[in-house]
Amino acid sequence: MSKRVFLNLERRIEVLRQYENGKSARKLSELFKCGRTQINKAIKEKDLILKEYEDFKFRGVKRMRHKKHADINEAVLEWIKTVRAKKIPVSGPMIQHKAKELTDPLGIKIFSASNLWLDRFRIRNNITCRSLCGEAADVDPSSCEGWQERLPLVLDGCDDKDIFNMDEKTLFFRALPNKMIQKSEEARGEKIPKERLTISLIKSKINVRLI
């Protein structure tokens, strides 16, 4: 009597890949030297096995890297770098949509750009979601080149007590919070007051206190 072969998680994933590539349950049974019952069960429980596989990888246990999935992660990351270099905002749904678009060119059949995949993709690549505001994008990078070398020449002859750094902020001192707790029938918009003050923030090089 032949020894019974048990399909572990890695081998069940490989069964699903081979099945998606067109191999029959009978061929897979011969290939993996196991009963057809295990093959049919793996095919039937495809979604459960894929979820278990994703959880297995995310916990940092011994990982089974699939080249095609690694390719799509790298392709999506390169796409993000390209669009961000053009100052185009990128959202989570945009990343998921792009990942789905890339499955066909990369020849990937078993892939789901789910919220779980997105969370893990962001964690793995240190991608965070932030509000885009401020004036950083208005600055021409070429105008900043060499400023560290030029600055000492500009300040040559100035005493440290006469050197300050200044920035300005706008304070809408009459504006109320734009989110509040209220009954649904009371939910209606109000104009935001535009009265404001411009505040100058000044820092001395030698921490001189300004009065």
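Contact means heavy atoms within 4.5 Å. By that criterion, residues 24 or more positions apart account for 63% of the contacts with a separation of 6 or more in the protein chain. This is a predicted model, in which local features need pLDDT of at least 70 and side-chain atom pairs count only at pLDDT 80 or more, while totals for chains, interfaces and linings use all residues. Residues are numbered from 1 along each chain as its sequence is written, and side-chain values use heavy atoms, with hydrogens and water left out.

**Chain overview**

- The protein chain has 9 helices and 2 strands, taken as DSSP runs (helices H or I, at least four residues; strands E, at least two) numbered from the N terminus.
- From the N terminus on, the order of elements is α-α-α-α-α-α-α-α-α-β-β.
- Of the 211 residues, 21% count as buried (under 20% relative accessible area, 1.4 Å probe, protein chains only).

**Packing of α6 and α7**

- Helix α6 (residues 92–103) and helix α7 (residues 115–124) pack at about 105°, with axes 10 Å apart; axes are lines fitted to C-alpha atoms over the stretch in contact, and angles run from 0 to 180 degrees between N-to-C directions.
- The two helices α6 and α7 are therefore roughly perpendicular (65 to 115 degrees).
- On the α6 side, G92, I95, Q96 and A99 meet N115, W117, L118 and F121 of α7.

**T103**

- T103 lies in helix α6 and is buried, with a relative accessible area of 12%.
- Beyond its neighbours within four places in sequence, T103 is in contact with I72, I108 and F111.
- A polar atom of the T103 side chain lies 2.7 Å from the backbone oxygen of K100.

Key
Angles under 35 degrees count as roughly parallel, over 145 as roughly antiparallel, 65 to 115 as roughly perpendicular and the rest as oblique. Buried means under 20% relative accessible area, exposed over 50%, partly exposed in between (1.4 Å probe, protein chains only). A polar contact is a pair of N or O atoms within 3.5 Å; within protein, one must be able to donate a hydrogen and the other to accept it, and residues adjacent in sequence count only if both atoms are side-chain atoms.
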